[in-house]
Amino acid sequence: MPGFEVFGEEERKAINDLFDANGGILFAHGFDSIRKGIYRVREFEASVSQKFQVPYAQAVSSGSAALRVALAALNVGPGDEVIIPAFTYIATAEAVLQAGADLVIVDIDESFNMDPNAFGSAISPQTKAVIPVHMMGAPAEMDRIMEIAQASNVSVVEDAAQGVGGKFKGQSLGTIGDLGCFSFDAGKVIITGEGGMVVTSDQSFYEKARSFHDHGHKYLSSVPRGLDDAVSVGFNYRMMELQGAIGIVQLSKLDFIISSQRKNKAKLKSKLVENNFPFKFRKIHDQNELGDALIFMLENREQALKFLDCMKREGLATKNIPDAMRWHFAKHWKHLYANSKHYKDSYQNQWQRSADILESSIAIPIMIRMSDEDIEGTALKLLKISKEVM
Ligand SMILES: *Cc1c(COP(=O)(O)O)cnc(C)c1O
């Protein structure tokens with residue numbers, strides 16, 4: 001997934017250009033008479049909108065901010081319930097709490113994404129929105145999720161923080177639901193250091209998102225910013241020009257990033273399959289995944305722990321599963337449930353199916369730059385370990 005692997009001269013040049021061309025105006029708004037027509041955040045928004053074929057894009061300061069802003073666009077607030085999967089980055093849950101809404105957390109299936117049936121069963125009269133998350137580069141089952149959501153009048157916010165550039169049945173991740181959220185933090189597919197984007201096809205959602213991310217500004221085009229009107233309470237979730245400038249360059253590298261990862265993943269996976277690797281791989285709903293991780297499921301937790309011990313010995317790394325479960329699996333988020341309507345006293349007994357899947361699985365990171373020898377070496381080590389633990 002890491003855009004940092006291709007971070008280089010082009011990004012440096014984009015930053016220098018910003019200083020050379022307009023003297024380093026870093027604010028995305030105003031300064032119209034001295035910035036010489038340079039608006040990098042706006043350009044980045046336009047590039048994202050074009051690249052993913054979605055009419056509206058609002059840049060924000062992070063992926064977490066994108067989620068918060070998307071929920072604000074839907075008027076999610078106290079008394080509403082928002083459904084999220086048990087396996088995601090904790091920001092998805094935090095955004096719901098920041099909106100003042102109640103968390104409802106449902107199991108994943110062997111795609112490591114939200115189980116559509118679990119989502120359907122969790123809908124209540126209070127359910128306002130669902131946030132399917134495209135974890136580790138592969139899409140949630142969006143057709144079924146959309147169908148269930150629409151039947152119950154539930155809004156859909158896609159958390160595509162880890163899915164930038166992926167597709168489900170031909171549609172770019174993030175553009176299928178009512179709103180979609182991207183992250184460009186330092187570990188994501190493309191990076192701006194910190195940064196995010198909200199995308200939507202709905203003009204009124206866009207206008208609410210734009211306003212909420214910037215202190216409620218109405219964005220009247222007829223007056224200077226200082227005389228602008230306010231439409232609602234908002235906050236500062238703005239992106240700045242440096243991030244916009246870097247984002248434009250990173251976006252131009254996205255196709256290369258994805259095709260390299262897919263190629264490397266395919267090589268590693270086929271090497272394992274050809275040699276009868278005995279474990280099941282993650283179920284992938286659409287081949288247009290990003291290919292930034294290879295996940296396999298062992299028979300049980302004990303076997304997974306044994307496998308991990310051997311990986312350590314062989315110098316092999318994992319990616320989030322299991323090394324960062326603390327931040328990715330709802331079972332470990334006790335601190336979020338102090339005032340929780342549903343989990344205050346019962347979180348320990350929840351999400352057993354997700355635990356069974358996650359705690360017996362291992363994710364291997366796939367990088368943009370992996371030599372054939374790296375891939376071959378990793379495959380041989382994994383095959384050797386698989387024989388040891390059987
Ligand atoms: C990274 C991430 C976020 C938050 O993005 P930031 O830019 O780090 O705030 C939200 N959801 C998921 C699934 C993520 O991986």
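## A sheet, a ligand and a lysine in a loop

K344 sits in the loop that links α10 (301–314) and α11 (352–358); helices (H or I, at least four residues) and strands (E, at least two) are DSSP runs, numbered from the N terminus. Welcome to a predicted model, where local features need pLDDT of at least 70, side-chain atom pairs count only at pLDDT 80 or more, and totals for chains, interfaces and linings use all residues. Residues are numbered from 1 along each chain as its sequence is written, and side-chain values use heavy atoms, with hydrogens and water left out.

Which residues does K344 touch, leaving aside its neighbours within four places in sequence? They are Y337 and A338, where contact means heavy atoms within 4.5 Å. K334 is ten residues away from K344 in sequence, and their C-alpha atoms are 8.6 Å apart.

Now to the sheet. Seven strands form an open sheet with mixed pairing, in the order β1-β9-β8-β5-β4-β2-β3; two strands pair if DSSP finds at least two bridges between them. Because β1 (56–60) and β3 (102–106) are at the edges with a single partner strand each, one side of each has no neighbour in the sheet. On average, neighbouring strands are turned by 25° against each other, direction ignored. Strands β4 (residues 127–130) and β5 (residues 155–159) run parallel and are joined by two bridges. A129 has S155 of β5 as its bridge partner.

Helix α2 (residues 40–51) touches β1, β8 (179–183) and β9 (196–200), and its direction makes about 135° with that of β1. Helix α7 (residues 203–212) also touches β1, β8 and β9, at about 15° to the direction of β1. Axes are lines fitted to C-alpha atoms, for helices over the stretch in contact, and angles run from 0 to 180 degrees between N-to-C directions.

Finally, the ligand. There are 16 residues around it, of which S64, Q162, S183, D185 and K188 come nearest; a residue is near if one of its heavy atoms lies within 4 Å. The table lists some polar side-chain contacts, each a pair of N or O atoms within 3.5 Å.

| Residue | Ligand atom | Distance |
|---|---|---|
| S64 | oxygen | 2.5 Å |
| D159 | nitrogen | 2.8 Å |
| S183 | oxygen | 2.7 Å |

Taken alone, the ligand exposes 380 Å², and the protein buries 94% of that (Shrake-Rupley method, 1.4 Å probe). Helices α3 (63–73) and α4 (91–98) are the elements giving two or more residues to the shell, and α3 supplies the largest share, three residues.

Note on methods
A polar contact is a pair of N or O atoms within 3.5 Å; within protein, one must be able to donate a hydrogen and the other to accept it, and residues adjacent in sequence count only if both atoms are side-chain atoms.
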